[in-house]
Each structure stands twice: as C-alpha cells, then as structure tokens.
Amino acid sequence: MKRAFPHGLTHELAREVTRKALDSYRQRFSDFKPEGEWTSADHATVKFHAAGTTYNGAVNVHKETIDLELDVPFFMRPFEKKAIDVIEAEINQWIAKAKRGELG
C-alpha cells in the first residue's frame, strides 16, 4: 500500500509533525509494538504487529506530501481502505495541530 498525504506545511514543519506523530504512536499503541528508525532527515522505516502479523513500511517526508508505504499481506487487503481512512484522519489531525501552533 502506498499513499501520499498532502500537508500544506513547510518541509521543516512537516518533518517535525511526522516525528512527533511517530513518537506519540509508540506510546499510544504500545500493544502493537510499534518501532521506527529515522535513516535520514526525511525517511523512517516503521514496523508494528497486529493480528498475528508483522507489518513493515516506510514514511517519507517530502516538500508537499507525507508518504506512507506499508506492506499489507494479501489476507488483510480487504481492510486496506479502512486502514487508509484511519491513517489519513490521524495525519490530518497532526497537520491541523501544526497549523494552529499546537505541537508543543
């Protein structure tokens, strides 16, 4: 699954939003054992566990978009649309926080 989410932020602020979001998810969703490693200023590898499966992916911050790439096993593809909707809502909340100056 690949998806690009437009952010409407400066590149630097989009980086900060993405980093804070990933840090937050590690705490909020600790039951899924989320992991992430920034391999450059704009690229992170991510991993989490759900439904007995390990999901691997990457997050890339670009000038105009935050891109998510996630390997979704064939048997989970019927749920892909719902997952994208949830991810998009989360990203939009973080972008809105940044635009309001509420990243803290």
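Predicted model: local features only at pLDDT ≥ 70, side-chain atom pairs only at ≥ 80, totals over all residues.

Q: Why is Glu90 called buried?
A: The term buried requires a relative accessible area under 20%. Glu90 has a value of 17%, so the residue is buried. Glu90 is found in helix H2, and, leaving aside its neighbours within four places in sequence, Glu90 is in contact with Tyr25 and Arg28.

Q: What makes the pair Arg15 and Glu12 a salt bridge?
A: A side-chain nitrogen of Lys or Arg must lie within 4 Å of a carboxyl oxygen of Asp or Glu. For Arg15 and Glu12 the closest N and O atoms are 2.8 Å apart, and the pair forms a salt bridge. The two residues are three residues apart in helix H1, so about one helical turn separates them.

Q: Why are Arg26 and Asp23 called partly exposed?
A: The relative accessible area of Arg26 is 30%, so Arg26 is partly exposed. Asp23, with 38%, is therefore partly exposed as well. These residues also form a salt bridge, with their closest N and O atoms 2.5 Å apart.

Q: How do you know that Arg100 and Glu102 meet in a salt bridge?
A: The limit is 4 Å, and the N to O distance between the side chains of Arg100 and Glu102 is 2.9 Å. Arg100, at 52% relative accessibility, counts as exposed, whereas Glu102, with a relative accessible area of 44%, is partly exposed. Elsewhere, salt bridges that share partners join Glu12, Arg15 and Asp42 into one network. By this rule, the count comes to six salt bridges.

Q: How do you know that the length of helix H1 agrees with what it should span?
A: Helix H1 (residues 11-28) has 18 residues and, at 1.5 Å a residue, should span 26 Å. Its end C-alpha atoms are 25 Å apart, which agrees. Among the buried residues of H1 are Ala14, Val17, Ala21 and Leu22. What covers the buried residues of H1 includes S2, S3, strand S4 (53-61), S5 and H2.

Q: Why are S1 and S2 said to stand at the edges of the sheet?
A: The order of the five strands in the open sheet is S1-S5-S4-S3-S2, with antiparallel pairing. Strand S1 (2-6) and strand S2 (35-38) each have a single partner strand, so one side of each is left without a neighbour in the sheet.

Q: What makes S2 and S3 a pair of strands?
A: Pairing requires at least two bridges. S2 and strand S3 (residues 43-50) have four bridges and pair in the antiparallel sense. A hairpin joins S2 to S3 through four residues.

Q: Which residues have the most contacts inside the largest nonpolar core?
A: They are Met1, Leu9, Val17 and Trp94, in a core of 25 residues. H1, S3, S4, S5 and H2 each supply at least two residues of this core. In soluble globular proteins, nonpolar side chains tend to be buried together. Not counting residues up to four places away in sequence, Trp94 touches residues including Val17, Ala21 and Leu103.

Methods: Residues numbered from 1 in each chain as written. Heavy atoms only, no water. Expected span 1.5 Å × (residues − 1). Buried < 20%, exposed > 50% of the residue type's maximum accessible area, 1.4 Å probe, protein only. Contact = heavy atoms within 4.5 Å. Core = buried A, V, L, I, M, F, W, Y, C linked by side-chain atoms within 4.5 Å.
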